[in-house]
Amino acid sequence: MDNILLIDPEKCVGCRQCALSCSFRKELRFSLGKARITTLWAYDVDMFVPMMCRHCERPLCVDICPVDAISHDGRAVVIDQDRCLGCKMCMVVCPFGGVVWDPETRCMIKCDLCEGAPVCVEHCVYGALVWLPAHEAAAFTRQSGAAVFAHVMSKYKDESSSLSD
């Protein structure tokens, strides 16, 4: 995979433009239920978190599928709708909530990275979704991690200085 889709929940405002653009691209209608990405509110950390397939190198969904309907095509993990039985086992094992049941087709649906040009990224106004070359993604992730660490340390420093006063 040349590019990697990164998610930065700290930038997500829960507008669901990613989900609406996804459903329109894939289904030609605006339907949150037909989107291959969803935005959930994480109560414990007080933020929205975009959830979608992470296109794992060794996906559990591929291993669990009893009819080999799921495969990794070298770019993305994809579902062959003609082979899918709708058994939902892939949905059960996915740790990222990346596979969704479609009651109309009675098959599973998931992100396929829009053939290398994810429409969700294009419509993410706040930059919570980023599509980067792999070498840039590593630097982006390190930089984001450093920013979070610096923020936590500054809070710790503020708290410890107020305790010593």
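The second largest cavity has 15 lining residues, and Cys65, Ile70, Cys84, Cys87 and Cys90 are the ones nearest its centre. This is a predicted model, in which local features need pLDDT of at least 70 and side-chain atom pairs count only at pLDDT 80 or more, while totals for chains, interfaces and linings use all residues. Residues are numbered from 1 along each chain as its sequence is written, and side-chain values use heavy atoms, with hydrogens and water left out.

A cavity here is a set of points, on a 1 Å grid over the protein atoms alone, where a 1.4 Å probe fits but cannot get out; lining residues have an atom within 4 Å of a point. Volume is the space filled by probe spheres set on the points, with grid points joined across faces, edges and corners.

For the second largest cavity that volume is about 90 Å³. Its lining splits into 13 nonpolar residues, one polar and one charged. Cys counts as nonpolar in this scheme, as do Ala, Val, Leu, Ile, Met, Phe, Trp, Tyr and Pro; Asp, Glu, Lys and Arg are charged, and the others, Gly among them, polar.

The largest cavity holds about 100 Å³. Cys12, Cys15, Cys18, Cys124 and Ala128 lie nearest its centre, out of 15 lining residues. That lining has 10 nonpolar, four polar and one charged. How many cavities of 30 Å³ or more are there? The count is four.

Now the hairpin. Strands S2 (residues 37-42) and S3 (residues 47-52) run antiparallel, joined by six bridges. Strands are DSSP runs of E, at least two residues, numbered from the N terminus, and two of them pair if DSSP finds at least two bridges between them. Ile37 is opposite Met52 in S3. Four residues separate the strands, and Asp46 has a positive phi near 60 degrees.

Notes
1 Å grid on protein atoms, 1.4 Å probe; cavity = no way out; pocket = protein on both sides within 12 Å on 5 of 7 lines; lining within 4 Å.
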